[in-house]
Amino acid sequence: MRLLIYGINFAPELTGIGKYSGEMAQWLTDRGHTVDVVTAPPYYPAWQRAEGYSAWGYRHETWGQGNAVRVTRCPLWVPAKPSGLKRLLHLASFALTSAPALWRALRDPGRRPDVLILVVPTLFTAPVALWLGRRYGVPVWLHVQDFEVDAMLGMGIVGGGGGLANLAYRFERWCLRGADVASSITAKMVDRLLAKGVSPQRAQLFPNWVDLSAVYPLPRPNEFRAELGLSETDVLVLYSGNMGEKQGLELVVEVARRLQAVPGLRFVLAGDGGARPRLMAQAQGLSNLQWLPLQPIERLNMMLNAADIHVLPQRADAADLVMPSKLTGMLASGRAVVGTAAAQTQLGAVLSHCGVRVEPGDSEALADVLQELAGQLERREALGAAGREYAQAELAQDAILLKFEASVQELICRRPVRPR
């Protein structure tokens with residue numbers, strides 16, 4: 001197949017959507033498919049363009065093993081301090097600058113894809129993608145990683161009255177219903193697609209995954225713990241990933257403050273994002289909390305295995321609008337996972353099965369659970385084993401992408417043949 005992935009995030013971004021889009025592109029090329037990508041310069045989660053990338057020019061490059069993936073990087077405005085309006089302008093800038101690149105890719109019979117895979121956010125790119133898809137007879141698979149309209153309005157990232165919200169939801173509904181296939185990453189999020197008007201025939205589950213050969217349990221102790229100065233008896237509570245407003249990481253800082261007096265209990269927050277400066281200011285004076293930058297991919301497994309407990313906070317108002325992408329690695333590492341989620345959410349269901357669930361925003365309950373687990377080695381090991389088993393059964397990369405590949409081939413087969 002010839003496929004085009006279109007989205008604002010792509011490798012070499014180490015977290016979130018860019019990580020998954022990059023892994024998908026590599027997997028597909030390894031299977032013998034031709035993959036092109038229209039994307040932006042890498043900037044996430046630091047909200048800063050990677051060195052060597054211009055704010056104004058287009059850049060063509062190859063990426064991946066064997067340099068098999070052709071990538072077009074489009075100009076992107078990246079605000080230093082993303083706020084509501086600035087986020088909208090940021091997303092709109094990519095929709096505007098990427099439209100000509102997408103048009104060139106679909107217009108050219110030699111490059112025209114069999115399927116256009118549109119990764120959302122941002123929904124601003126959908127109108128042009130849907131129009132060009134119809135114009136050139138290319139089916140559009142719209143994949144929702146985050147429900148950005150719900151998140152921005154529901155979490156207060158972008159304010160707006162009833163009229164503005166209604167307009168945004170109508171626009172979202174039109175985009176989702178216009179795609180040949182609309183997918184999302186959890187069953188609850190697929191239910192949301194259906195509630196927004198996507199027909200059951202066009203809705204699909206396409207979960208995020210983990211490479212079980214890259215993230216797996218390691219013997220203890222390891223080099224990463226030694227670098228942190230941890231003893232064999234110290235208990236490390238780790239969060240690694242994006243530090244944005246959706247994560248609710250201020251809860252972890254508050255819990256670290258509550259547990260300062262607990263001997264041998266250490267917290268590490270590793271990553272980057274727009275909320276990190278505010279969080280660091282909030283954590284001033286905490287001797288049991290350490291900050292690390294986002295770690296390179298070759299150190300990911302060692303870092304995840306350094307943890308005794310992975311902590312995964314999520315704000316209550318983000319429930320089933322997003323699914324934390326770092327959960328897959330946490331579970332695959334074979335370490336205990338404690339998260340905050342309501343019982344009826346997808347994250348809550350996973351945590352109830354193979355982790356420990358705490359109600360969102362309840363710092364006292366989270367502190368109690370972490371302090372209790374710190375003294376229960378056997379329980380931590382049992383939880384870690386359950387998480388690894390869940391990852392093997394539900395999150396294996398090959399199983400998920402093989403099913404996706406078959407669904408894309410089915411989409412191609414059921415479309416009428418049109419001249420190229």
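Student: Why is Arg220 called partly exposed?
Tutor: Arg220 has a relative accessible area of 32%. Buried means under 20%, exposed means over 50%, and partly exposed is in between (1.4 Å probe, protein chains only), so Arg220 is partly exposed. Before we go on: this is a predicted model, where local features need pLDDT of at least 70 and side-chain atom pairs count only at pLDDT 80 or more, while totals for chains, interfaces and linings use all residues. Residues are numbered from 1 along each chain as its sequence is written, and side-chain values use heavy atoms, with hydrogens and water left out.

Student: What makes Arg220 and Asp308 a salt bridge?
Tutor: The term asks for a side-chain nitrogen of Lys or Arg within 4 Å of a carboxyl oxygen of Asp or Glu. For Asp308 and Arg220 the N to O distance is 3.0 Å, so the pair meets the definition. The two residues are 88 residues apart and link distant parts of the chain: Asp308 sits in the loop between helix 10 (300-306) and strand 12, Arg220 in the loop between strand 8 (203-205) and helix 7 (223-227). Helices (H or I, at least four residues) and strands (E, at least two) are DSSP runs, numbered from the N terminus.

Student: Is Asp308 buried or exposed?
Tutor: Buried, because its relative accessibility is 8%.

Student: How do you know that Asp150 and Arg192 form a salt bridge?
Tutor: Their side chains meet at 3.2 Å, N to O. Asp150 lies in helix 4 (residues 148-154) and Arg192 in helix 6 (residues 187-195), 42 residues apart. Asp150 is buried because its relative accessibility is 7%, whereas Arg192, at 26%, counts as partly exposed. Both belong to a network of salt bridges that also includes Glu172 and Lys196. A search of the whole structure finds 17 salt bridges.

Student: Why is Leu85 called exposed?
Tutor: Its relative accessible area is 60%, so Leu85 is exposed. Leu85 lies in helix 2 (residues 84-107).
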